[in-house]
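This report covers aromatic ring contacts and charges placed over rings.

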Amino acid sequence: MCGIIGYVSEGDCCGALFDALRRLEYRGYDSAGIAVLGEKGFSVCKKQGGVSNLASFYAAGNTGVGHTRWATHGAPSDKNAHPHRAGKIALVHNGIVENYAALKAELEADGELFLSETDSEVIAKLISRAYRGDLLRAVHAALGRAEGAYAVAVIAEDRPGEIVAARYKSPLIAGCGREGLFVCSDIPAVAAGAGYIAKAEDGEFVRIADGEICFYDRDLRPVPKVFFRPQADLGAAPSDAGGYCMRREIGEIPAALRRTFCALEKTDFAPCARALRGAKRIFAVACGTAYHSALAFRDAAERDVGVPVLCCTAGEFRYRPPLTERGDLVVAVSQSGETADTLEAVRLAKERGGYVVAVTNAGCSSLASLADFTLVMRAGAEIAVAATKSYNCQLLCLWYLAAEMLFFKRQKYPDWFSSLQKLPSAAEETISLFSEIDRIADSLKDAAAMYFLGRGADECTAREGALKVKEIACVFAEGLAAGELKHGPLALVREGFPVFMTATQPPLFKKCENALAEVRSRGGFAALFSQSEEALSQSCADVKVRLPALPAALMPCIAVIPLQYFAYRMCLERGLDPDKPKNLAKSVTVE
Ligand code: AGP
């Protein structure tokens, strides 16, 4: 979950490295560093904290590497920040070297002194020991000993104009940009200025030298690559472009839904028609927010298409009994398309004969490469660690997919297609409710814990609301099926304990109201979110927020918006940075 960048530029590369690091910062922000190779060797600046700490650093030289870190091995500190030096080598790494302890012990026994507590420094040492003037061979030899996951970029003091990079289970691309040739962990970080890029596959190496980018396979045989233009709408704008990214991205939900709907209408589903028609059951795999969208998909697919959907968090999927079989449809959802757990789940599902449909925001991601069919949502760049607009777009894509399934199974167009078109304007209307949410956040700013409840199709909203509050506002929050309240969680409800109820499914209004009555009778603070005048007017809730009315099945896409915004406001009330939540990073590329 670290971001890596390497540049061989026409002029000095320091500015290009810094700019790329700012765009990569969502991958981790506990430390950052740059190494530039100039006439007098390396100039290195690495510091604990955000990329802005490197702003005053400048060094002349056209070859360099940079890194923004999300700590795995070794606490965030200056010395654990990358790049790591060893002999003539400077290295940046994303991933985890799982056998680093054994390698480190071996190197220490042989007299090597380590300056950091990281697993990455072990690779730098191995490369340095293997280096005899041929950087590609040295990197190849060293990585032959590493187990785990890595994307590395390496430069050598006596090889100006050259970068060697390698990938195994951590994303890596190479391309040409306005500033020169680069390697990078992420497409969004370079999409805005990149001309053409190509992706490295697992086990491949990249060498930039003599103005060329060459790819090699695991035996160092040249690999031809197709270079392509990255999706321009993925170009990541750093958070200082004005306000917080999270707020900006919530405001972009209507436009993102519009773009996604247009893209879906142009998508040809014929290549996956057989799989959609034939599927007798579906496995839906994803993590975090994306998993919540899988829950919403389950609701629609089971109720309207009549196909059972087994939702599984991707990290658990591979450790459960392997039930996936030929003919099963596997729906994998991931904003980034690079989440390691989701990729592993998809690999396993494919080995077992499943047909994989991916829903992702990154059409050129690893997930898209693995999947049999990919639906690319058009949420645009999402920089804030908290997923917001991508969630709304995932729901739209997944419901559209369910509608296509119904069409292919029954040869009949469900009226969903026209209903889905109403989502963007309903989202706009919801955004106009934010002043009510400001008041709620203001009154709850000191709350130590809270519940989010919902039943049926509203359960995913409850869970997503709770996840947002946890990650952004750092307040304990639990998202529950409302019916579960009385089976234990009610024990915590006392004077002023906040409970948010989302009730948008008419047959369940009464049940939801019962739960709110239980909360109120214990002195809890109840907030109700519903589109139903009847449900609102008859409720005992302390606060009632009226949502725009849509067909009930589509309400989760709208009902979540006030909760996303509530989490953002709670975060501000508590003096935190919504774009850089504690301990988290945007794209989780380690298992
Ligand atoms: C959401 O706010 C989180 N940051 C996180 O749960 C995220 O959704 C999860 O890590 C999955 O990411 P992906 O969609 O890129 O696979």
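## Aromatic contacts

One aromatic cluster is formed by Phe261, Phe269, Phe373, Tyr400 and Phe417. The model is predicted, with local features requiring pLDDT of at least 70 and side-chain atom pairs pLDDT 80 or more, while totals for chains, interfaces and linings use all residues. Residues are numbered from 1 along each chain as its sequence is written, and side-chain values use heavy atoms, without hydrogens and water.

Searching the whole structure gives 17 aromatic pairs. Rings of Phe, Tyr and Trp (its six-membered ring) pair if their centres lie within 6.5 Å; planes under 30 degrees apart count as stacked, over 60 as edge-to-face and the rest as tilted.

The pair of tyrosine 7 and phenylalanine 182 is tilted, because the ring centres are 5.8 Å apart and the planes are at 55°. Tyrosine 7 belongs to strand E1 (residues 3-9) and phenylalanine 182 to strand E10 (residues 180-184), 175 residues apart. Strands are DSSP runs of E with at least two residues, numbered from the N terminus. Tyrosine 7 and phenylalanine 182 are both buried (under 20% relative accessible area, 1.4 Å probe, protein chains only).

Phenylalanine 452 and phenylalanine 500 are stacked, because their ring centres are 4.7 Å apart and their planes at 15°. Phenylalanine 452 is in strand E20 (residues 449-454) and phenylalanine 500 in strand E22 (residues 498-502), so the pair ties together parts 48 residues apart in sequence. Both phenylalanine 452 and phenylalanine 500 are buried.

A charge sits over a ring if NZ of Lys or CZ of Arg is within 6 Å of the ring centre and within 35 degrees of the ring normal.

| Charged residue | Ring | Distance to ring centre |
|---|---|---|
| Lysine 125 | Phenylalanine 114 | 5.3 Å |
| Arginine 229 | Tyrosine 196 | 4.9 Å |

Definitions and conventions
Helix = DSSP H or I, 4+ residues; strand = E, 2+ residues; numbered from the N terminus. Buried < 20%, exposed > 50% of the residue type's maximum accessible area, 1.4 Å probe, protein only.
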